[in-house]
Amino acid sequence: MRTIKGAEITEAVAKLAIEKAYKIGDEILRGFEWSLENEKSEAGREIIRQLQENAKIAADGVVPYCQDTGMAVFFVEVGQDLKIDGDLEESIQEGIRRGYIDGYLRKSVYKDPLRRVNTSDNTPAIIHYQIVKGDKLKITFGAKGGGSENMSRLAMLKPSDGIEGVKNFVIETVSIGGANACPPLVLGVGIGGNFEKCAILAKKAALRSLEVRNPDPFYAELEEELKEKCNALGIGPMGLGGTVTVLGVNIEVFACHLVALPVAVNINCHAARHGEIIL
Amino acid sequence: MAEYRLTAPLKDEDVVKLKIGDKVLLSGTIYTARDAAHKRVVELLDKGEKPPFEIKGSVIYYVGPTPPRPGMVIGAAGPTTAVRMDAYAPRLMKEGMKAMIAKGKRNDSVKNAMVEYKVVYFGATGGAGALINKCIKKAEVVAFEDLGPEAVRKLEVEDFPLIVVGDSFGGDLYIEGRKKWQKAG
Ligand code: SF4
């Protein structure tokens with residue numbers, strides 16, 4: 001049986017958390033290039049140029065890309081033939097603790113939602129586990145900003161609302177909250193499952209590369225259509241008006257009950273920080 | 001759309017020449033404050049006590065920076081969402097605050113108070129934490145140290161790039177800008 005040490009996991013997580021806070025993904029940088037070509041408002045292009053400059057400065061590794069270095073969220077796939085020497089949960093949490101302290105990242109987590117005292121080390125991270133075949137450990141990490149998270153929404157639609165209902169809900173969500181979520185945005189859309197599964201699908205979608213389309217052509221087409229419709233809203237970079245509001249729409253789907261049509265939109269901002277490691 | 005260079009603290013005559021869409025490069029002294037600091041300042045004012053920094057003419061920046069590395073004055077320092085400060089902002093305007101820097105839409109009571117007290121709302125580029133860091137030359141905690149990243153800091157800034165998103169005549173770029181480019185929805 002293959003064995004991984006907890007310390008190895010901690011080290012990998014800490015490194016990933018720091019790297020993502022400073023170096024924004026190439027897919028976002030290509031998204032900025034696309035935005036410069038497609039944004040018709042001069043003020044909007046000026047914002048995009050600032051974001052490009054910001055990415056360049058942050059990539060030096062001295063000042064993070066955005067001051068909200070996020071709450072950490074993980075999707076962890078544990079191979080059933082893998083033995084972990086140590087406490088998996090604690091190894092990941094310790095990685096976040098170290099990464100956020102050693103990397104000079106902001107500690108943005110409160111211990112309790114109502115009594116609001118900072119934990120001072122950005123833990124706990126939110127971790128979703130899945131047991132899978134094999135002997136590998138796959139860790140998908142996201143540093144999710146609070147401003148864009150706050151503009152996210154979920155609805156339990158009626159099956160009769162159909163695809164139009166889904167489209168309307170996504171567009172309405174961007175229309176209501178998009179300006180406050182630091183556009184240009186990456187949308188994570190979950191369709192199906194049940195109440196909690198739908199939100200998790202949306203989160204998974206928000207942490208996917210904006211350049212990867214849904215493997216089902218039906219949903220890939222819906223992704224493209226929603227991107228176009230959201231960009232017709234006129235919100236523009238930073239909400240100041242323009243033709244580029246979203247860089248990409250990612251959809252994840254799951255089976256659902258015959259009376260249900262859940263849909264969730266997890267808004268991610270241009271600081272869409274995510275990464276993956278396989279140990 | 002005009003371009004201006006301004007130096008904080010600001011006066012009424014600085015504010016009234018600004019219209020939504022104008023670009024401003026701001027230098028001078030500004031203060032940082034977020035929800036918790038706003039709450040405390042308003043509580044002090046309501047008790048008739050003196051706030052711990054000069055509100056008259058002040059520019060308040062809604063920001064919660066990352067911790068500075070050794071030898072640096074501040075970390076990443078982009079704007080936070082303004083709406084959480086909407087409940088407190090009109091009270092500070094009454095005391096003479098002249099401008100706010102943040103991101104995102106404001107409610108009507110804030111917009112009305114901006115007209116009444118001649119106040120401007122500047123948008124900074126959300127998420128541009130590293131870029132804005134370069135404009136901040138000095139930072140010093142002046143109040144509520146116990147609030148950590150939310151403590152009130154006095155900043156010396158140079159050529160901080162801003163856009164007027166709310167002016168003292170009721171103009172709102174989040175509404176007007178979108179109207180201009182909207183094709184659907
Ligand atoms: S919404 Fe995103 S880019 Fe904007 S401040 Fe929050 S984390 Fe940063």
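Between chain B and chain A, 19 residue pairs are in polar contact, both partners at pLDDT 80 or more. The count of salt bridges between these two chains is zero. The model is a predicted one. About 3400 Å² is buried between chain B and chain A. Inside chain A, domain 1 and domain 2 bury about 920 Å² between them, and one salt bridge crosses that interface.

**Chain B against chain A**

- The contact brings together 41 residues of chain B and 42 residues of chain A.
- Carbon and sulfur atoms give 60% of the area buried between the two chains.
- Three residues of chain B stand out: B:Arg69, B:Arg178 and B:Trp181 supply 20% of the area that chain B buries against chain A, more than any other three residues.
- Polar contacts across this interface come to 19 residue pairs, while salt bridges come to zero.
- On the chain B side, at least two residues each come from helix H5 (129–133), strand E7 (152–166) and helix H6 (173–181).
- Which of these elements gives the most to the side of chain B that touches chain A? H6 of chain B does, with five residues.
- By class, that side of chain B has 18 nonpolar, 14 polar and nine charged residues.

**Domain 1 against domain 2 in chain A**

- Domain 1 of chain A covers 2–20 + 65–144, and domain 2 of chain A covers 146–272.
- The centres of the two domains, taken over C-alpha atoms, are 25 Å apart.
- Domain 1 puts eleven residues into the contact, and domain 2 puts in 13 residues.
- Of the area buried between the domains, 64% is on carbon and sulfur atoms.
- A:Tyr65, A:Phe75 and A:Lys144 supply 63% of what domain 1 buries against domain 2, more than any other three residues.
- A:Lys144 also forms a salt bridge with A:Glu149, and the closest N and O atoms are 3.0 Å apart.
- How many salt bridges does the rule find across the interface of domain 1 and domain 2 of chain A? It finds one.
- Polar contact links five residue pairs across this interface, both partners at pLDDT 80 or more.
- Strand E2 (71–79), strand E4 (126–132) and strand E5 (137–144) of chain A are the elements that give two or more residues to the domain 1 side.
- E5 of chain A gives the most to that side, with four residues.
- The domain 1 side has six nonpolar, three polar and two charged residues by class.

**Aromatic pairs**

- Over all chains, the structure has four aromatic pairs.
- In one of them, the ring centres of A:Phe74 and A:Phe141 are 5.3 Å apart and the planes are at 45°, so the pair is tilted.
- A:Phe74 lies in strand E2 of chain A and A:Phe141 in strand E5 of chain A, so the pair ties together parts that are 67 residues apart in sequence.

**Salt bridges**

- Side chains of opposite charge can pair when their charged atoms come close.
- Over all chains, the structure holds 34 salt bridges.
- One salt bridge joins A:Arg97 to A:Glu94, with the closest N and O atoms 2.7 Å apart.
- Why are A:Arg97 and A:Glu94 separated by about one helical turn? The reason is that these residues are three residues apart in helix H4 (residues 88–102) of chain A.

**Backbone features**

- Most residues other than glycine have a negative phi, and most peptide bonds are trans.
- The peptide bond from A:Thr123 to A:Pro124 is cis, with omega near 0°.
- Where does A:Pro124 lie? A:Pro124 is in the loop between H4 and E4 of chain A.
- A:Tyr104 is also placed in the loop between H4 and E4 of chain A.
- Phi of A:Tyr104 is positive, near 55°, and the residue is not a glycine.
- In chain B, a cis peptide bond joins B:Ala8 and B:Pro9, with omega about 0°.
- B:Pro9 sits in the loop between strand E1 (3–8) and helix H1 (12–16) of chain B.

Technical notes:
Residues are numbered from 1 along each chain as its sequence is written. Chains are lettered from A and ligands numbered from 1 in the order in which they are written. This is a predicted model: local features need pLDDT of at least 70, side-chain atom pairs count only at pLDDT 80 or more; totals for chains, interfaces and linings use all residues. Side-chain values use heavy atoms; hydrogens and water are left out. Domain bounds come from an automatic or database domain assignment. Contact means heavy atoms within 4.5 Å. Buried area is the accessible area (1.4 Å probe) that two parts lose on being put together, summed over both. A salt bridge is a side-chain nitrogen of Lys or Arg within 4 Å of a carboxyl oxygen of Asp or Glu. A polar contact is a pair of N or O atoms within 3.5 Å; within protein, one must be able to donate a hydrogen and the other to accept it, and residues adjacent in sequence count only if both atoms are side-chain atoms. Ala, Val, Leu, Ile, Met, Phe, Trp, Tyr, Cys and Pro count as nonpolar, Asp, Glu, Lys and Arg as charged, and the others, Gly among them, as polar. Rings of Phe, Tyr and Trp (its six-membered ring) pair if their centres lie within 6.5 Å; planes under 30 degrees apart count as stacked, over 60 as edge-to-face and the rest as tilted.
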